[in-house]
Amino acid sequence: MPGDCEALEIMQKLKVDANFVPCPVLGGDEFFANGIFEFNISRILEHLESHASDADIEEISVADFDHEFSVINESHVETVDFARPVVFAEISPGRFNLIDGHHRMEKARRHGAKTVRAYKLTASQHITFLTSKNAYLTYIEYWNDKVKQVRKREAKQKPRAITRK
């Protein structure tokens with residue numbers, strides 16, 4: 001459940017930064033593609049290591065991770081250290097997707113771990129790691145549409161005042 005500050009952020013529309021520069025792609029960088037949204041995982045991890053206070057680490061339930069949607073390299077699973085935090089990104093308001101650590105989550109599940117440590121990056125924290133201007137602009141449009149849908153849904157659910165004549 002998002003905290004009060006996080007709840008405020010998830011309901012804010014994003015504004016296009018005309019000076020946005022896509023995250024540089026260097027040889028050997030690891031990526032995570034979520035449709036058109038390609039994140040530079042190597043640069044995210046580098047940022048988290050050098051700016052540890054920029055993102056909180058929290059415990060995430062392994063049972064909440066839907067492993068059916070991951071492609072797992074079986075020979076790699078046992079080589080990973082699931083004590084290392086995984087990374088979730090807020091893809092739409094309040095919805096976080098695993099973008100780094102699929103093998104660690106799978107190993108934790110197989111070893112019976114109840115939780116793993118995770119970074120949960122908000123939209124404003126991960127948007128700078130998109131690798132193309134097109135992905136950036138499309139993401140802002142996608143995000144803002146989701147905010148609009150949430151607001152519309154919430155407006156329908158609010159009780160209306162009864163007026164007497």
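The protein exposes about 10,600 Å² of surface, and carbon and sulfur atoms supply 52% of that area. The structure is a predicted model, and buried residues make up 39% of the 165 residues in the protein. Its secondary structure comes to 6 helices and 6 strands, which follow one another from the N terminus in the order α-β-β-α-β-α-β-β-α-β-α-α. Among contacts between residues at least 6 apart in sequence, 75% join residues at least 24 apart.

**The nonpolar cores**

- In soluble globular proteins, nonpolar side chains tend to be buried together.
- The largest nonpolar core in this protein holds 27 residues, and those that touch the most other members are Phe-39, Ile-44, Val-87 and Leu-130.
- At least two residues of this core are supplied by each of β2 (37-40), α2 (41-50), β4 (86-92), β6 (115-121) and α6 (133-157), and the largest share, 6 residues, comes from α6.
- Apart from this core lies another one, of 11 residues, which includes Phe-65, Leu-98, Ala-108 and Val-116.
- If neighbours within four places in sequence are left aside, Ile-44 is in contact with Phe-39, Val-87, Ile-99, Leu-121 and Phe-129.

- Helix α6 has 25 residues and reaches 36 Å from its first C-alpha to its last, which is close to the 36 Å expected at 1.5 Å a residue.
- The buried residues in α6 are Ala-135, Tyr-136, Tyr-139, Ile-140, Trp-143, Asn-144, Val-147 and Val-150.
- In α2 the buried residues are Ile-41, Ser-42, Arg-43, Ile-44, Leu-45 and Leu-48, and the buried residues of this helix pack against β1 (31-34), β2, β4, β5 (95-100) and β6.

- Asn-40 lies in strand β2, and because its relative accessible area is 0%, Asn-40 counts as buried.
- The N-terminal end of α2 is capped by Asn-40, with a side-chain oxygen 3.2 Å from the backbone nitrogen of Ser-42; the side chain of Asn-40 also reaches the backbone nitrogen of Arg-43 at 3.0 Å.
- A further polar contact, at 2.9 Å, joins the side chain of Asn-40 to the side chain of Asp-29.
- Not counting residues up to four places away in sequence, Asn-40 touches Cys-23, Pro-24, Val-25, Asp-29, Glu-30, Phe-31, Phe-129 and Thr-131.

**The hairpin of β1 and β2**

- Strands β1 and β2 run antiparallel and are joined by 4 bridges, and Asn-40 in β2 is the bridge partner of Phe-31.
- These two strands form a hairpin with 2 residues between them, and Gly-35 in the turn has a positive phi of about 70 degrees.
- Glu-30 is found in the loop between α1 (4-10) and β1, and because its relative accessible area is 41%, Glu-30 counts as partly exposed.
- Glu-30 touches Phe-39, Asn-40, Ile-41, Ser-42 and Asp-100, not counting residues up to four places away in sequence; from C-alpha to C-alpha, Glu-30 and Ile-44 are 9.8 Å apart in space, although they are 14 residues apart in sequence.

**Strand β4 and its partners**

- Strand β4 is largely enclosed by the rest of the structure, because 7 of its 7 residues are buried.
- With β6, β4 pairs in the parallel sense over 4 bridges, and Leu-121 in β6 is the bridge partner of Ala-89.
- With β5, which runs antiparallel to it, β4 is joined by 5 bridges, and Leu-98 in β5 is the bridge partner of Phe-88.
- Strands β4 and β5 form a hairpin with 2 residues between them, and Gly-94 in the turn has a positive phi of about 80 degrees.
- Arg-95 is found in β5 and, because its relative accessibility is 43%, counts as partly exposed.
- Leaving out residues up to four places away in sequence, Arg-95 touches Ala-89, Glu-90 and Tyr-142, while Arg-95 and Thr-122, which are 27 residues apart in sequence, lie 9.6 Å apart in space from C-alpha to C-alpha.

How values were computed:
Residues numbered from 1 in each chain as written. Heavy atoms only, no water. Core = buried A, V, L, I, M, F, W, Y, C linked by side-chain atoms within 4.5 Å. Buried < 20%, exposed > 50% of the residue type's maximum accessible area, 1.4 Å probe, protein only. Contact = heavy atoms within 4.5 Å. Polar contact = N/O pair within 3.5 Å; in protein donor to acceptor, adjacent residues only side chain to side chain. Areas by Shrake-Rupley, 256 points an atom, 1.4 Å probe, with all protein chains shown as cover. Expected span 1.5 Å × (residues − 1). Pairing = 2+ DSSP bridges.
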